[in-house]
Amino acid sequence: MSAPAVPAAERIPDLRSDLIAAGLTVDALTELWGEEAAEALHRGQRVPAERALRRRGPSALATLARLFVLGRPVSNDDVAAALPALGVDGAVALGLVTRDGDSVASAVDLRPYGFVDAAGPAEWWIVSDLGELALGHALPEDHVLGVGGASLTLSGLMLQNPVDSALDLGTGCGIQAMHAARHARRVVATDISRRALRLAALNLALNEIDGVELRLGSMFEPVAGERFDHIVSNPPFVITPRAEGVPAYEYRDGGMVGDGLVAAFVSGCGEHLQPGGVAQLLGNWEYRGAGDGLVRVRDWVDASPAPLDAWVIERDVEDAVRYSETWIRDGGTRPGTPEFERLLGAWLDDFEARDVRSVGFGYLLLRRSAGLPTLRRFERLHGSLGANEAGLGVHLGEALAAHDLQAALTDDELGRLRPVVAGDVTEERHLWPGADSPTAILFRQGGGFGRTVSADTGLAALVGACDGELSVAAIAAALAQLLEVDGDALLADLLPAVRGLLTDGFLRA
């Protein structure tokens, strides 16, 4: 089913010209009220920004910031001056504001959003529903979320290789479809929420992004029989009790029991991927009883009707109580209130019924294999990441390519490679005072996942000699002579480590 139309869509170019004229950018807002106030806003505190605005003279930028970012009423005359092309009537027609006498209030959140990806820096305006701060109460169940932490995580993870087609499943305000349009010739974006699709359409038009088709429907229903090169999804994966009186927020609750929605995505995505196509999503998985959550995800992948390569990374685990508190608070219900305690009881009853002791959160990368799957990687990376200015997606793409390269090589062919050490790798040695030999040798990665790899003397010497001049086999032969060990045995011992270092980006072929 196609997406509902945006009311007064012909006025969107007027809005765009007014936002450009006002200079509504990320840097301009930060300069308007300062770094400290900007950081306070991220924590849900707008008083510092309001105090800074009072010290500033009137301007179109200040009016729009007060109205759309801080969610404060502004006079009709000030809004008319700040939006000269659109006008107050045009803003009302677009559903951006409401008018009460001489006062104008925001009906949506509208703010700039800046980012850097493989194509370079860019900035958009994003329209979404008003948050808890502006509303002053808990969110409605049909709330359309703006660019939050999960959105930033997924957009940063997104592979950026040029493809013909992409699918954004559960697009919300459209942010992932907008990112996908930077590397895909055409994009289909779906959602169960008509309001979400209207806001997504507004955002696409406002930022002059073409090639995105919006469709209404649940999960893969709107794309039945279609296949894509790339699927991305920040699905409504939050585990919510199926109990009366528990809010079911459209942006985060998929309507299934437990982690069933993520399991359903894993089961269904392969049928909608071209051979070699990749699906990327965020998800939760339950730890039930003495079971392992990542093993649970592996079982979903193994049960997929289509053959799937899989790389699943668990970033965090929360116990059942903390998980419940986090998402109840996310909906705008404040701790210490009777409503919070009632909801907490419902969540804990739900977890107890399935013997859920904790919940994992992380990233899933699934690829439809043209033959037998070669990638089965389920790992826990709970620490900090490396520095990735253009996002982790670039690293993930390089890691997939490196995996495919080394997986296709025999040991003899791998031995003939002439790798080089990646520029972000450093070596760290630990020695007891006065000792001649190190007690530990560590390679640290500055980018990517910021991994640390332990090495023995032989592997450290091999990596140190990888400058593109000598092959792996030649380096191993030289080391064998130096160490007075069997050359073939040393090479056989080093090759598995070389494969891992290539895949993880420590070495480049």
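Tyr-287 has Ser-358, a residue of strand E12, as its bridge partner. That pair is a handy way into this structure, which is a predicted model. Strands E10 (residues 273-288) and E12 (residues 356-368) run antiparallel to each other and are joined over eleven bridges.

Zooming out, E10 and E12 belong to an open sheet of eight strands, in the order E8-E7-E6-E9-E10-E12-E11-E13, and the pairing is mixed. At the edges sit E8 (212-216) and E13 (376-380); each has a single partner strand, so one side of each is left with no neighbour in the sheet. Going from one strand to the next, the twist averages 20°. Strands in a sheet pair through backbone hydrogen bonds, in either a parallel or an antiparallel way.

Helix H12 (residues 293-302) lies across E10, E11 (308-319), E12 and E13, and runs at about 145° to E10.

Now for the nonpolar residues. In soluble globular proteins, nonpolar side chains tend to be buried together. The largest nonpolar core here has 69 residues, and the members that touch the most others are Leu-15, Trp-33 and Leu-96. Helix H10 (residues 194-206) supplies the largest share of this core, with eight residues. Setting aside neighbours within four places in sequence, Leu-96 is in contact with Leu-15, Phe-68, Leu-86, Ala-91, Ala-105, Ser-106, Ala-107, Val-108 and Leu-202.

Definitions and conventions. Residues are numbered from 1 along each chain as its sequence is written. This is a predicted model: local features need pLDDT of at least 70, side-chain atom pairs count only at pLDDT 80 or more; totals for chains, interfaces and linings use all residues. Side-chain values use heavy atoms; hydrogens and water are left out. A nonpolar core is a set of buried Ala, Val, Leu, Ile, Met, Phe, Trp, Tyr and Cys residues joined through side-chain atoms within 4.5 Å. Buried means under 20% relative accessible area, exposed over 50%, partly exposed in between (1.4 Å probe, protein chains only). Helices (H or I, at least four residues) and strands (E, at least two) are DSSP runs, numbered from the N terminus. Contact means heavy atoms within 4.5 Å. Two strands pair if DSSP finds at least two bridges between them. Axes are lines fitted to C-alpha atoms, for helices over the stretch in contact, and angles run from 0 to 180 degrees between N-to-C directions.
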